[in-house]
Amino acid sequence: MNTKMIVLMGGQGVGKGTQAKKLIADNGFKYVEAGAILRSLPKESPVAQIMARGELVPDEDLFKIIGDAIQKVGQKDMIVDGFPRTIGQAQWLVKQYATNYNIHVIYLTVPKQIMLDRIQNRIKENMANGGTARADDLDVKVVERRINNFFTVTGPAIEWLRTANGIQFSEVDVSEFEFENNYAKVCNALKTRQK
Ligand code: ADP
């Protein structure tokens, strides 16, 4: 039961994706990214419309999509990013996978203003690289709704995981300006074996 499942949690713009990419480059972990999988669904699907409004996709859809993605990875070390986001999802994850995987939840925290600043930076970087910014980042109301859901819906899920049995939980403040400093803190948290 030594297969790692690193679960990255945190609000919009905290840098889950950036941390994940560096962890993958350094360790070869597999990657299950909820937002990217959902974004690959057809634009006219009900799920895409829910996402465009900045609302949460129903748990049942996530169980199917994430369950399939984890099964595809199989018994290999992986990062799960963007899931869970509700208490139902958190309980499902622990029930389904805590027996076969060594689950370590890394909760990345920054103040709300930094979340907003980093979303603005993400928009600028996407545009500068010749791409297009995510539509759900460009609409201020949609950003507000996603952040609000993070605090009201995902917050309680995080609190449940903090004391859940059979998993590890670490909270890491990643509000430093230098990415490398934040990354070093994440790597340190991953080395700890105790809750
Ligand atoms: P962000 O975290 O910045 O909102 P993501 O790319 O992680 O962006 O997710 C984009 C959208 O996909 C969310 O606004 C939501 O609609 C949907 N989504 C992603 N993960 C989940 C999840 N675990 N549960 C419900 N909806 C989700």
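Which residue forms a salt bridge with Lys 112? Glu 144 does, with the closest N and O atoms 3.8 Å apart. A salt bridge here is a side-chain nitrogen of Lys or Arg within 4 Å of a carboxyl oxygen of Asp or Glu. Glu 144 sits in helix α8 (residues 140–162) and Lys 112 in helix α6 (residues 112–128), so the pair ties together parts 32 residues apart in sequence. Helices are DSSP runs (H or I, at least four residues), numbered from the N terminus.

This is a predicted model, in which local features need pLDDT of at least 70 and side-chain atom pairs count only at pLDDT 80 or more, while totals for chains, interfaces and linings use all residues. Residues are numbered from 1 along each chain as its sequence is written, and side-chain values use heavy atoms, leaving out hydrogens and water.

The structure holds 12 salt bridges. Asp 26 and Lys 22 are 4 residues apart in helix α1 (residues 16–27), about one helical turn. Glu 159 and Arg 162 are 3 residues apart in helix α8, again about one helical turn.

| Pair | N to O distance |
|---|---|
| Asp 26 and Lys 22 | 3.4 Å |
| Glu 159 and Arg 162 | 2.8 Å |

Now for accessibility. Glu 144 is partly exposed at 37% relative accessible area, and Lys 112 is partly exposed at 36%. Partly exposed lies between buried (under 20% relative accessible area) and exposed (over 50%), using a 1.4 Å probe and protein chains only. Asp 26 is partly exposed at 44%. Lys 22 is partly exposed at 27%.

A network of salt bridges links Arg 122, Arg 134, Asp 136, Asp 137 and Arg 146.

Notes
Helix = DSSP H or I, 4+ residues; strand = E, 2+ residues; numbered from the N terminus.
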